[in-house]
Amino acid sequence: MKKRMTEQQEFEIMKLVLDKFLWLGFGIMAFGLYKMFYDRILNGVIWMFTGAVVLVIFLVIIVREYEIVK
């Protein structure tokens, strides 16, 4: 028999998972900045773009999961 989580528990777990996406995206973009300084600029831009894609995926997951409405 599986236990059901409350909305608050589900939100806390989702926050932990999405926080990892945020750190991963930031880390990739920081690595891209490093590459721009010490390697070819194009390599850095590609890494920065990859980090931005990870952050957009993060945004899509949040909007889809929690239906943010003004």
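**Figure 1. Overall dimensions of the protein chain.** The protein chain has a radius of gyration of 16 Å, whereas a compact globule of 70 residues would have one near 11 Å; the radius is taken over C-alpha atoms, and the globule rule is 2.2 Å times the number of residues to the power 0.38. The model is predicted, so that local features need pLDDT of at least 70 and side-chain atom pairs count only at pLDDT 80 or more, while totals for chains, interfaces and linings use all residues. Residues are numbered from 1 along each chain as its sequence is written, and side-chain values use heavy atoms, with hydrogens and water left out. The C-alpha trace spans about 55 × 30 × 15 Å along its principal axes. Two helices and zero strands make up the secondary structure of the protein chain; helices (H or I, at least four residues) and strands (E, at least two) are DSSP runs, numbered from the N terminus. Of the 70 residues, 14% count as buried, where buried means under 20% relative accessible area, exposed over 50%, and partly exposed in between (1.4 Å probe, protein chains only).

Figure 2. Helix 1 comprises residues 7–38. At 1.5 Å a residue, its 32 residues should span 46 Å, and the end C-alpha atoms are 46 Å apart, which agrees; the expected span is 1.5 Å times one less than the number of residues. The buried residues of this helix are Met14, Leu18, Gly25, Ile28 and Gly32.

Figure 3. Glu65 is placed in helix 2 and is partly exposed, at a relative accessible area of 38%. For Tyr34 and Ile57, 23 residues apart in sequence, the C-alpha to C-alpha separation is 23 Å.

**Figure 4. The salt bridges.** Side chains of opposite charge can pair when their charged atoms come close. Two salt bridges are found in a search of the whole structure, each defined as a side-chain nitrogen of Lys or Arg within 4 Å of a carboxyl oxygen of Asp or Glu. In one, Glu12 pairs with Lys15, and the closest N and O atoms are 3.4 Å apart. Both residues belong to helix 1 and are three residues apart, about one turn of the helix. Glu12 is partly exposed at 33% relative accessibility, and Lys15 is partly exposed at 41%. In the other, the side chains of Asp39 and Lys35 meet with an N to O distance of 3.4 Å. Asp39 is partly exposed with a relative accessible area of 36%, and Lys35 counts as partly exposed at 21%.

**Figure 5. The nonpolar surface patch.** Phe31, Leu33, Tyr34, Phe37, Tyr38 and Trp47 make a nonpolar surface patch of about 720 Å². Patches are made of residues with over 30% relative accessible area and no salt bridge, like charges being joined within 9 Å and nonpolar side chains (Val, Leu, Ile, Met, Phe, Trp, Tyr) within 5 Å. Accessible areas come from the Shrake-Rupley method with a 1.4 Å probe, and for residues only the protein chains shown count as cover. Helix 1 gives the most to the patch, with five residues. Trp47 lies in helix 2 (residues 41–66) and is partly exposed, with a relative accessible area of 34%.

**Figure 6. Aromatic pairs.** The count comes to four aromatic pairs, for which rings of Phe, Tyr and Trp (its six-membered ring) must have centres within 6.5 Å; planes under 30 degrees apart count as stacked, over 60 as edge-to-face and the rest as tilted. Trp23 and Phe26 form an edge-to-face pair, 6.2 Å centre to centre, with 85° between the planes. These two residues are three apart in helix 1, and therefore separated by about one helical turn; both Trp23 and Phe26 are exposed. The rings of Tyr34 and Tyr38 have centres 5.1 Å apart and planes at 45°, so this pair is tilted. Tyr34 and Tyr38 are four residues apart in helix 1, about one helical turn. Tyr34 counts as partly exposed at 48% relative accessibility, whereas Tyr38 counts as exposed at 65%. Ring pairs link Phe31, Tyr34, Tyr38 and Trp47 into a cluster.
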